[in-house]
Structures are given as C-alpha cells and as structure tokens.
Amino acid sequence: MSPATPLWRLEEAPELFLDSYVADGDRAVFLSLWGRDTAIHELMAKLTLPIAEGGWTGITLQRDGQSVALQLDRERMAKRTTRTYRQTRFGSLLNLWLFDQRCQDPDRAHRQCYAIFNERDSRQDKSVMLWSRLRDLAAFPLLDHWRPTVVQLLLEQGAIRMLDQTSERLSGVWIDLSLASVQDAIGHLIHSGDLATQ
C-alpha cells in the first residue's frame, strides 16, 4: 500500500480501508481491504452470518464526498489474506482480498470469467492475459494468429465487456462465451476461411 494511494473508508466498518476495487455495475468483483486483525475477522464473519443475524450483502465506500454502494455475491466471494504489517503507527495491519471466484477460476461450464489488470505493472501484458482466458473458455481451439480477428468479433458481439467501476490502478473485463451466437460466429469464420489454420 503506497502512502500516495487515496483510501476509501467503509461506511459499515469505519476502521476498515480500501485501496483498490473493481465492480461490474454495482456488484463487487475485487476488493483490497486494509485493517487491524480484529476488524478484518469481523468483516469475514459478517460475510458468513445469515442476513437475519446481521450478515452483510453489500458495503458502501466513501471518500472525499463520494459514495459507492457495492453488492457482495456471498456465494461467489473468495477471501485471501495477503500481507501482514506488524510495525505500523496503527499496530498490526492485514491486507484482505475479496474477489469473485471467477477472477481466479473461470466458470468453464458456462464459459464465463473475469480478468483483472494492474494498470501500474508495466510487465503485465493485458492482451496476452486476455487471449489466455479466451483460449481457456472457448468451445474449440483458438490459434494465436487469430487473436486480432477473434477479439474484435467478441467485442462487437458483447462477449468481452470492460468493467465500468474501477479504482485508479485496476481495470477489468467480463468475458462471456456462453452465447450460441458467439460460437456460431467464430465457427462461421473458420468454415469461410477468414480464420485460416495456417
């Protein structure tokens, strides 16, 4: 966590802070939260408690007069505690990542996933990562020299969609190859010779 990173505060838990997030509309896809050990564990408990017993289904981010309400898909959320800083001005701090499981493990049955990109990592090749996800989800093998044509087709078909709510250093896309029209369009390009095998 860089000192220059502007932090969001959680309205429901003012002792927790967030340095980056990605959302699909109002649905949280990835959250990077910071707080003391007890505050982080309380948050994780709120995400597992039944709603009738005070469990949470959403959070509200606040910063500089801005407010962003995000829904949490509790069934799909995975949790990772990534780092611990023991010697800080505020005591021991934990970094918790909450993310939709489809960021890490694509839903191959439905041919859907998220891809999250770090905009500040110059070593990260977004086009290579995106193509890797597409090849993983496609119903049939995709050859590397097809990449420009296939990606353009999928953008036009709405099978690749940029996520609209992101923090300053992250971006993301939703990939959905479940539509029959998408598979048919790629198949047509193969059969017509527009996607050559060599």
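One term before we start: a residue is buried if its relative accessible area is under 20%, exposed if over 50%, and partly exposed in between, with a 1.4 Å probe and protein chains only. What you're looking at is a predicted model, where local features need pLDDT of at least 70, side-chain atom pairs count only at pLDDT 80 or more, and totals for chains, interfaces and linings use all residues. Residues are numbered from 1 along each chain as its sequence is written, and side-chain values use heavy atoms, leaving out hydrogens and water.

**Stop 1: strand β3**

Select residues 27-36, which make up strand β3. Strands here are DSSP runs (E, at least two residues) and helices are too (H or I, at least four), numbered from the N terminus. How many of the 10 residues in β3 are buried? Eight of them, so mostly this strand is covered.

Look for D24, which stands opposite R27 in β3. The hairpin of β2 and β3 has two residues between the strands, and there G25 takes a positive phi near 70°.

Next, show strand β7, residues 93-100. β3 pairs with β7 as well, again antiparallel and over seven bridges. Find W34 and you'll see N95 of β7 opposite.

**Stop 2: aromatic pairs**

The structure holds three aromatic pairs. Rings of Phe, Tyr and Trp (its six-membered ring) pair if their centres lie within 6.5 Å; planes under 30 degrees apart are stacked, over 60 edge-to-face, and the rest tilted. Select F30 and W97: this pair is edge-to-face, 5.5 Å centre to centre with 65° between the planes. Because F30 sits in β3 and W97 in β7, the pair ties together parts 67 residues apart in sequence. F30 counts as buried at 11% relative accessibility, while W97 is partly exposed at 33%.

Then jump to Y114 and W174, a tilted pair at 4.6 Å centre to centre and 50° between the planes. Y114 belongs to strand β8 (residues 112-118) and W174 to strand β11 (residues 170-176), so parts 60 residues apart in sequence are tied together. Y114 is buried at 3%, and W174 is buried at 10%.

**Stop 3: T60**

Finish at T60 in strand β4, residues 58-63. Is T60 buried or exposed? Buried, at 13% relative accessibility. Leaving aside residues up to four places away in sequence, T60 touches R9, L10, E11, E12, S67, V68 and A69, where contact means heavy atoms within 4.5 Å.

Technical notes: Two strands pair if DSSP finds at least two bridges between them.
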